[in-house]
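Biologist: Could you take a close look at one part of this model, the packing of a pair of helices, and then go on to the salt bridges?

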Amino acid sequence: AVAMAAASPIICSPIIGSFSAIAGRPTRRGQPVPQELVAACLDAIGVTSSGAQPSAVQSRAWQLLLVPSPPDLVAIAPTGSGKTVAFLLPAFAELLYAPDPMAASLAPEAVSSSRTAALCARPRPADPDSAMRAAAAAAFRRATAGGVPPDEARAIARTEGKAAWRLARASQAA
């Protein structure tokens, strides 16, 4: 099941039924999504045919995001359903056409993970080791509360703990 919510009324374009239908669709700047970008995304997610069908969340998200005035969008779908590619493909297409990609502000449009958003919004302890422990503990609690097996929850906690440690180290250096 996929749930989507937009901040304003939406005028939808036709549903995207295949990955090949993404290439050439306009971004919000009116530039076409390059075939090379679609091919790179397909390769990254292990899809071998551009005629393959996108997941429900990808199809619906691209229907809403690959238009000249995309809405703010929240997509809720199971793990492994394609949410990351659903949000990143339009963001990458925007970056390709941005006059200055380093100055492009896509952060509000491209938040695709509640874990990432929570990590960014949470006050960061100054000490990288404390940040790592706090993030890992929170990730483990979230994962086990969501029914993830303990071994998998520990792997998730390690990943998020390492990310928090790196973030804290980088903020100390800045």
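**A helix pair and the salt bridges**

Modeller: Helices α2 and α3 are roughly parallel to each other in this predicted model, because their angle of about 25° falls under the 35 degrees that sets the limit for that term. The two elements, α2 covering residues 56–65 and α3 covering residues 83–97, pack with their axes 8 Å apart, and their crossing is right-handed. On the α2 side the contact is made by Val57, Gln58, Ala61, Trp62 and Leu65, which meet Lys83, Val85, Ala86, Phe87, Leu89 and Pro90 of α3.

Turning to the charged pairs, the count of salt bridges comes to 2. One of them joins Arg142 to Glu160, with 2.8 Å between the closest N and O atoms; since Arg142 belongs to helix α5 (residues 128–145) and Glu160 to helix α6 (residues 150–173), this pair ties together parts that are 18 residues apart in sequence. Glu160 is buried, at a relative accessible area of 10%, whereas Arg142 is partly exposed, at 35%.

The salt bridge between Asp151 and Arg154 has its closest N and O atoms 2.3 Å apart, and both of these residues lie within helix α6, where a spacing of 3 residues amounts to about one turn of the helix. Asp151 is exposed, with a relative accessible area of 57%, while Arg154, at 39% relative accessibility, counts as partly exposed.

Key:
Residues numbered from 1 in each chain as written. Predicted model: local features only at pLDDT ≥ 70, side-chain atom pairs only at ≥ 80, totals over all residues. Heavy atoms only, no water. Axes fitted to C-alpha atoms, helices over the stretch in contact; angles between N-to-C directions. Helix = DSSP H or I, 4+ residues; strand = E, 2+ residues; numbered from the N terminus. Parallel < 35°, antiparallel > 145°, perpendicular 65-115°, else oblique. Left-handed = near helix turned anticlockwise from the far one by under 90°. Contact = heavy atoms within 4.5 Å. Salt bridge = Lys/Arg side-chain N within 4 Å of Asp/Glu carboxyl O. Buried < 20%, exposed > 50% of the residue type's maximum accessible area, 1.4 Å probe, protein only.
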